[in-house]
Amino acid sequence: MDNQVSLNQKPKIFEKDAHIAVIGAGIAGGCLVRALMRRSINVTLIDSAQAPGSGASGNPVALLAPKLPRTQSPIGRLMTSAYLHAVQFYDALEGEGACVWSGPRGAFAMARNPDESERQQRASAAFNLPKDVIRLVDQAEATALSGVEVPKGGLWFERAGALCPPAITAALTSDVTYSQGNAAKFQEVKDGINIIDGDGASLGDFDGVVVAAGVGIMDLMPDQVWPLRANRGQLAYLPTLNPSPRVPVTYGGYISPLVDLGDGQQGHVLGATYARRDEMPDAEWAAIRAADNTDMIENLQAHLPVLSPDVPMGGRTSLRATIRDYIPLAGKVADNLYVLGGLGSRGFLTAPILAELIAGQMTGGPLPLDDDIINALDPARFRK
Ligand SMILES: Cc1cc2nc3c(=O)[nH]c(=O)nc-3n(C[C@H](O)[C@H](O)[C@H](O)COP(=O)(O)OP(=O)(O)OC[C@H]3O[C@@H](n4cnc5c(N)ncnc54)[C@H](O)[C@@H]3O)c2cc1C
């Protein structure tokens with residue numbers, strides 16, 4: 001049967017030494033590998049690319065700073081828990097020797113207008129987090145902390161920073177069995193699932209499968225009713241700025257501190273564009289668009305006029321999987337089939353805690369989130 005796994009079995013708990021396939025080697029798959037292997041589960045990581053981190057998770061930088069809503073909604077509590085968990089997770093990874101953070105810690109989210117300023121003030125009162133986690137700063141303090149003159153105050157995230165995705169996905173997947181293959185469909189077999197590639201060849205039998213395939217989820221699980229979309233994002237790489245931000249600064253767009261761009265190059269990453277992938281011809285979406293670079297540079301100069309960037313020296317495009325309600329898909333689809341996807345613009349923030357959630361659900365262990373948040377994340381919510 002094609003991508004149909006029985007929904008009527010009793011809940012299955014995966015015991016130690018079960019064999020699970022994780023499909024997709026981005027930040028979601030990498031975090032799942034880590035969470036499952038820590039529970040003594042055998043994992044095979046399957047990806048159509050030769051090496052991990054070839055999709056959206058392959059950007060040279062990722063910011064870790066949540067956008068908090070005005071009130072303690074489930075999504076706001078998810079973002080707060082995800083943030084606190086992610087900081088510990090990446091610090092622990094760095095403690096193991098991986099080069100996780102680029103440059104000094106901290107990130108500044110500038111309030112662009114009175115509405116944003118009001119949201120930040122209400123969010124910081126509603127969540128009431130310790131000041132060394134999140135605090136409001138005025139323009140002068142924000143300038144001192146950011147290392148460049150910023151025209152407005154905003155929120156300071158002391159423990160955030162610029163993450164280095166290639167080093168993170170490499171570290172998370174270094175001990176796992178990696179299998180290059182393009183998963184096309186699932187077939188139920190005795191006590192498990194057989195994964196079949198696009199040519200009809202078997203990629204193996206597994207006790208269970210977690211799909212963490214980014215935008216690939218849409219093709220791989222076409223029977224699901226998830227309102228997912230592929231959203232194209234472009235980044236521009238800028239030569240060294242003078243003055244130069246010492247930490248990431250966000251203002252709708254973002255500018256990173258000086259980071260490693262790969263191939264021995266250093267520069268600043270300027271982000272990011274948002275465009276529907278389905279409004280673009282197949283042959284065009286991956287190419288760098290000069291008009292997008294112009295928009296991003298104009299946006300930077302409108303908000304941080306002290307910076308005068310040179311012509312970009314490169315860039316990268318990739319596809320985010322966005323979902324209509326902006327809440328990731330994390331949980332069980334059927335007894336031996338789970339999904340972690342729809343991570344939108346904040347996969348590096350949410351993937352660590354959501355992978356823990358799924359690993360806990362699969363093995364019957366403690367769960368890191370409250371029930372109302374787990375229900376909000378439930379992949380079955382669009383059927384209700
Ligand atoms: C321009 C841009 C800037 C961003 N900036 C940030 C940021 O600053 N901070 C942040 O937290 N997030 C950021 N994001 C979002 C973040 O990159 C994503 O949320 C995250 O990378 C999603 O991770 P993933 O593992 O779900 O998907 P991906 O990283 O896309 O991984 C999916 C993997 O699945 C594989 N795959 C797909 N289909 C199949 C198949 N059928 N068989 C086998 N393998 C398959 C792909 O090859 C790929 O390796 C940004 C995104 C973009 C586009």
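Contact here means heavy atoms within 4.5 Å. The model treated in these exercises is predicted.

**Exercise 1. Confidence**

State how confident the predictor is along the protein chain, and where pLDDT stays under 50.

Solution. Start with the chain as a whole: its mean pLDDT is 95, and 97% of its residues reach 70 or more.

**Exercise 2. Helices H1 and H5**

Solution. Two packed helices are described by the angle between their axes and the distance between the axes. The crossing is left-handed.

Step two is the residues in contact. From H1 come Ile27, Gly30, Cys31, Val33 and Arg34, and from H5 come Ile168, Thr169, Ala171 and Leu172. Sorted by class, the contact of H1 with H5 has six nonpolar, two polar and one charged residues.

Step three is burial, for which the cut-off is under 20% relative accessible area. The buried residues of H1 are Ile27, Ala28, Gly29, Gly30, Cys31, Leu32, Val33, Ala35 and Leu36.

**Exercise 3. Helices H2 and H5**

Classify the arrangement of helix H2 and helix H5 by their crossing angle.

Solution. The axes of H2 (residues 74-95) and H5 (residues 165-172) come within 11 Å, and their crossing angle is roughly 75°. Angles from 65 to 115 degrees count as roughly perpendicular. H2 and H5 are therefore roughly perpendicular to each other.

Next, list the contact: Phe89, Tyr90 and Leu93 of H2 meet Ile168, Ala171 and Leu172 of H5. By class, the contact of H2 with H5 holds six nonpolar residues, no polar ones and no charged ones.

**Exercise 4. Two serines**

Locate Ser146 and Ser179, and decide for each whether it is buried or partly exposed.

Solution. Take Ser146 to begin with: its place is in helix H4 (residues 139-146). Its relative accessibility is 0%, so Ser146 counts as buried. Apart from residues up to four places away in sequence, Ser146 touches Phe108, Pro245, Arg246, Val247 and Val249.

Now Ser179, which sits in strand S9 (residues 177-180). Ser179 has a relative accessible area of 22% and is therefore partly exposed. With neighbours within four places in sequence left aside, Ser179 is in contact with Thr44, Leu45, Ile46 and Asp47. Ser179 and Glu356, 177 residues apart in sequence, are 23 Å apart in space, C-alpha to C-alpha.

**Exercise 5. Backbone exceptions**

Find where the cis peptide bonds joining Asn242 to Pro243 and Gly271 to Ala272 lie, and characterise Asp263 and Tyr326.

Solution. Most residues other than glycine have a negative phi, and most peptide bonds are trans. For the bond between Asn242 and Pro243, omega is about 5°, and Pro243 is in the loop between strands S14 and S15. For the bond from Gly271 to Ala272, omega is near -25°, with Ala272 in the loop between strands S18 and S19.

Turn next to phi. Asp263 has a positive phi of about 55° and lies in the loop between S17 and S18. Its relative accessible area is 85%, so Asp263 is exposed. Tyr326 has a phi near 60° and is found in the loop between S20 and S21. At 69% relative accessible area, Tyr326 is also exposed.

Terms used. Residues are numbered from 1 along each chain as its sequence is written. This is a predicted model: local features need pLDDT of at least 70, side-chain atom pairs count only at pLDDT 80 or more; totals for chains, interfaces and linings use all residues. Side-chain values use heavy atoms; hydrogens and water are left out. pLDDT is the predictor's confidence in each residue, from 0 to 100. Axes are lines fitted to C-alpha atoms, for helices over the stretch in contact, and angles run from 0 to 180 degrees between N-to-C directions. Helices (H or I, at least four residues) and strands (E, at least two) are DSSP runs, numbered from the N terminus. Angles under 35 degrees count as roughly parallel, over 145 as roughly antiparallel, 65 to 115 as roughly perpendicular and the rest as oblique. Ala, Val, Leu, Ile, Met, Phe, Trp, Tyr, Cys and Pro count as nonpolar, Asp, Glu, Lys and Arg as charged, and the others, Gly among them, as polar. Buried means under 20% relative accessible area, exposed over 50%, partly exposed in between (1.4 Å probe, protein chains only). A crossing is left-handed if the near helix is turned anticlockwise from the far one by less than a right angle, and right-handed if clockwise.
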